[in-house]
Amino acid sequence: MVNTDYENAFLKKIVKEEVGNIDADYKLLIISVHAVFLESGFVAFESNRKIDRLNLCKEWSESIIFEQKYTLPSLLSCDGIGHDSVETLTLIYVTNSMKDVQVYVHGPLEQRLGGSNLFMLCLGKSHFIPSIKFVCFDNDEENEEIGCFSYSNSDSESFHQSRVFEFWKITKDNLALPLLIELCYKTGLTFPPSFMILPMDIKLKILGFLRVTDIANMACVSKEMKHICSNNDILKRKIEEEFKKISDIKRIFLDGQGRLEGNVKIPWERRLLYTLECKFTRHKD
């Protein structure tokens, strides 16, 4: 499972900032999508300037529950003001018969790709809201204050974290990153680093071909890469491969006193450290 601490912390920060806007499930879902767009490099935009808070109190039509414009900081002046023709994209949130939230896109895609809303994402409230609440709110008082869907305390923490990561991955890979590329293309801005805009599944697949030491080096590149490289499934598999190559420490464990003990199952985290130490010592020699 991927380490979700980064996404959880960022989502919690944005939700806490917008807590005064949350009086319904769909608003919590909109703010969660907003958090993904902020983390991906967008800024919310309204009345020709960057805004720090969403205006979720505005009345829309019966089906359209909210609209929000986004742009990129590079297209604005240093004080967050944009000219009349600044390129933006608009996320249009609508509800369906199941009361789920659908997100449509109006913006830079239309002139390039034929004039239709090619990006649409359907987010099930009952699927994601309980887990978003579990991650973002620490106690029942906060849950009662916002009056949203309550979650079951019987559900495990790992389950909710996995569900929030699923939401984050779907929204970022299928909406935020493709729109970021399109807006850069339309405005002539430099594209984001090509590796980082790949879907998470592909990034993890590529990391799976690297050695443990190479993964450790990539983790030093940025906070996001450190987060991606902390995927436990990859590390466990790679360390099993590397550990088999070090014959002198098979089935032995070096305890804190320096004594060797046989036939002890060695935790994979300890094997990782031992493998890196062996490789580093070999490299120095």
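This is a predicted model: local features need pLDDT of at least 70, side-chain atom pairs count only at pLDDT 80 or more; totals for chains, interfaces and linings use all residues.
Biologist: OK, and what volume does the largest cavity have?

Modeller: The volume of the largest cavity comes to about 130 Å³, and the structure holds two cavities of 30 Å³ or more.

Biologist: Which residues lie nearest the centre of that largest cavity?

Modeller: Its lining is made up of 16 residues, and the ones nearest the centre are Glu7, Trp168, Lys172, Met200 and Glu224.

Biologist: And which helix gives the most to the lining?

Modeller: That is α6, which gives six residues, while the elements that each supply at least two residues are α1, α6, α7 (200-207) and α9 (223-229).

Biologist: Staying with α1 and α6, at what angle do their axes cross?

Modeller: The axis of α1 and the axis of α6, the helix of residues 157-187, come within 10 Å and cross at roughly 80°, which means that α1 is roughly perpendicular to α6. On the α1 side the contact is made by Glu7, Asn8, Phe10 and Leu11, and on the α6 side by Gln161, Val164, Phe165 and Trp168.

Biologist: How do those contact residues divide by class?

Modeller: In the contact of α1 with α6 there are five nonpolar residues, two polar ones and one charged one.

Biologist: Switching to the sheet, what is the order of its strands?

Modeller: The sheet is open and has six strands in the order β2-β1-β3-β4-β5-β6, with antiparallel pairing. The edges are taken by β2 and β6 (120-123), and each of them has a single partner strand, so one side of each is left without a neighbour in the sheet.

Biologist: Where does α6 sit relative to those strands?

Modeller: Helix α6 lies across β3, β4 (89-95), β5 (101-106) and β6, and α6 runs at about 160° to β6.

Biologist: How many bridges join β1 to β3?

Modeller: Three bridges join β1 to β3, the strand of residues 64-71, and the two run antiparallel; within that pairing, valine 43 stands opposite threonine 71 of β3. On β1's pairing with β2 (residues 49-50), two bridges join the strands, which again run antiparallel, and phenylalanine 45 has lysine 50 of β2 as its bridge partner.

Biologist: What lies between β1 and β2 in the chain?

Modeller: The two strands form a hairpin with two residues between them, and in the turn serine 47 has a positive phi of about 55°.

Biologist: Back to open spaces, how much space lies in the second largest pocket?

Modeller: The second largest pocket holds about 170 Å³ of space. Its lining has 13 residues, and the closest to the centre are Ile14, His34, Leu38, Lys50 and Asp52.

Biologist: Which elements give two or more residues to that lining?

Modeller: Those elements are α1 (5-17), α2 (25-39) and β1 (43-46), and α1 gives the most, with four residues.

Biologist: And the classes of residue in that pocket's lining?

Modeller: The lining of the second largest pocket divides into seven nonpolar, one polar and five charged residues.

Note on methods:
Residues are numbered from 1 along each chain as its sequence is written. Side-chain values use heavy atoms; hydrogens and water are left out. On a 1 Å grid over the protein atoms alone, a cavity is a set of points where a 1.4 Å probe fits but cannot get out, and a pocket is an open set with protein on both sides within 12 Å along at least five of seven lines; lining residues have an atom within 4 Å of a point. Grid points are joined across faces, edges and corners, and a volume is the space filled by probe spheres set on the points. Ala, Val, Leu, Ile, Met, Phe, Trp, Tyr, Cys and Pro count as nonpolar, Asp, Glu, Lys and Arg as charged, and the others, Gly among them, as polar. Axes are lines fitted to C-alpha atoms, for helices over the stretch in contact, and angles run from 0 to 180 degrees between N-to-C directions. Angles under 35 degrees count as roughly parallel, over 145 as roughly antiparallel, 65 to 115 as roughly perpendicular and the rest as oblique. Contact means heavy atoms within 4.5 Å. Two strands pair if DSSP finds at least two bridges between them.
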